[in-house]
Amino acid sequence: MISYQWCSTLESGDRDEVLALVEAAAEYDEEAGFSKIRTGDVDAVDRDGVRVLHLPIKARRDLSGRDDAPLVVVAYLHLEVDREGLGTVQFVVHPKYRSRGIATVLVEEMGLETTAEGGWGGTGATALRCWAFSTHPASERLTRRFGIPAVSRQWTLFRHLSGPFSSPLDGAEPPVGTEIADARPLDDPAVSKAVEQVLGSASLVPAQRERFVDEVRLGSGEVLVATDASGSPVGFVWYDPALVVHLELKAAWIRALVLSASAREAGLGTALLTGALATLREAKAQIALLRIDPSDAGAVRMCRVMGFEQEEEHSCYQVGEWSDVPSF
């Protein structure tokens, strides 16, 4: 039914098909908020300490039983394996070929054995992780069938900024001795330096830090930076005023809120988040969206007090042993 072969780079014909698939899936899944594969990942190659592998999955067009029907790319798996053999998986099926057993057949044929010599499918991966964003019925069915556990969760929260369901956005002052500067673009060199300093003192595990740095590199928007009495950055909030449609409403994202370990539990997070929400409201966003780790009790409490509500839950699935907590 399907055919596939690992490659370090995609051949030109496969690359064009995979790129079209990734773009079609991203557009199709935009409102549902399902996981996306960036178009840049289609051309990714090995980098320092990371092996990159591509797996285009092909089948006869329209899953025809005729031997003369052309083979087309119906799904794509992107795998990155680090020095320890830990593999991060991204996977997407073309919208035209969903709910037709493509993913199930792939897992049945490849298996999930990661302890054999050469790792999973000879890729060197001795453990695998994959994030499934939003309540994705296909991922839930697949993981339940093959007994793949979820090792971490993430929530998407929303807050009404206007309309009958909105609540007042009360001002919040930063702690005494702390100042919040005016917003600057994400790509401002001063912002980049401040973000790096805060990340260095935020007690993030390496995987989380690396993932966040990658998000910043590819992201856009504005940043509010907080500094202490000595002028050292102790926190920031990154948000993007660009409006998107979510549940038929104009929405904008709070991309990240990060504080130094020493600046927590003092009200700084509330002050930064309030400033970002005010800006998004001025940009005509009707709702603000934010993702958080539900195991962070302080973040959950702050968001509840500020009027956020839970909308979606995202899951990180894992095969094999992995020492670090999941990044997202």
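## Salt bridges in the predicted model

A salt bridge is a side-chain nitrogen of Lys or Arg within 4 Å of a carboxyl oxygen of Asp or Glu. By that criterion this structure, which is a predicted model, holds 13 salt bridges. One of them joins Arg98 to Asp29, with the closest N and O atoms 2.8 Å apart. The pair links distant parts of the chain, since Arg98 lies in the loop between E4 and helix H2 (102-110) whereas Asp29 belongs to helix H1, 69 residues apart. Asp29 is buried, with a relative accessible area of 3%, while Arg98 is partly exposed at 23%.

Arg66 and Asp68 also meet through their side chains in a salt bridge, at 2.7 Å from N to O; here Arg66 is exposed, with a relative accessible area of 54%, and Asp68 counts as exposed at 56%. In a further salt bridge, that between Asp188 and Arg184, the closest N and O atoms are 4.0 Å apart, and Arg184 counts as partly exposed at 41% relative accessibility.

## Helix H1 and its buried side

Helix H1 comprises 18 residues (residues 12-29) and, at 1.5 Å a residue, should span 26 Å, which agrees with the 26 Å between its end C-alpha atoms. The buried residues of this helix are Asp14, Val18, Leu19, Leu21, Val22, Ala25 and Asp29. They are placed on the same side of H1 because they cover an arc of only 160° around the axis.

These buried residues pack against strand E2 (51-60), strand E3 (71-81) and strand E4 (86-93). On the other side of H1, by contrast, Ser12 and Glu27 are exposed.

Strand E10 (residues 233-246) pairs with strand E11 (residues 249-259) in the antiparallel sense, over 9 bridges, and Val245 has Lys250 in E11 as its bridge partner. The two strands form a hairpin with 2 residues between them, and Leu247 in the turn has a positive phi of about 55°.

E11 is also joined by 4 bridges to strand E12 (residues 287-292), and these two strands run parallel. Ile254 stands opposite Leu290 in E12. From E11 the chain passes through helix H6 (residues 268-282) to reach E12, and this β-α-β crossover is right-handed.

Notes:
Residues numbered from 1 in each chain as written. Predicted model: local features only at pLDDT ≥ 70, side-chain atom pairs only at ≥ 80, totals over all residues. Heavy atoms only, no water. Pairing = 2+ DSSP bridges. Right-handed = clockwise from strand over helix to strand, strands pointing away. Expected span 1.5 Å × (residues − 1). Buried < 20%, exposed > 50% of the residue type's maximum accessible area, 1.4 Å probe, protein only. Arc of directions from axis to C-beta. Contact = heavy atoms within 4.5 Å.
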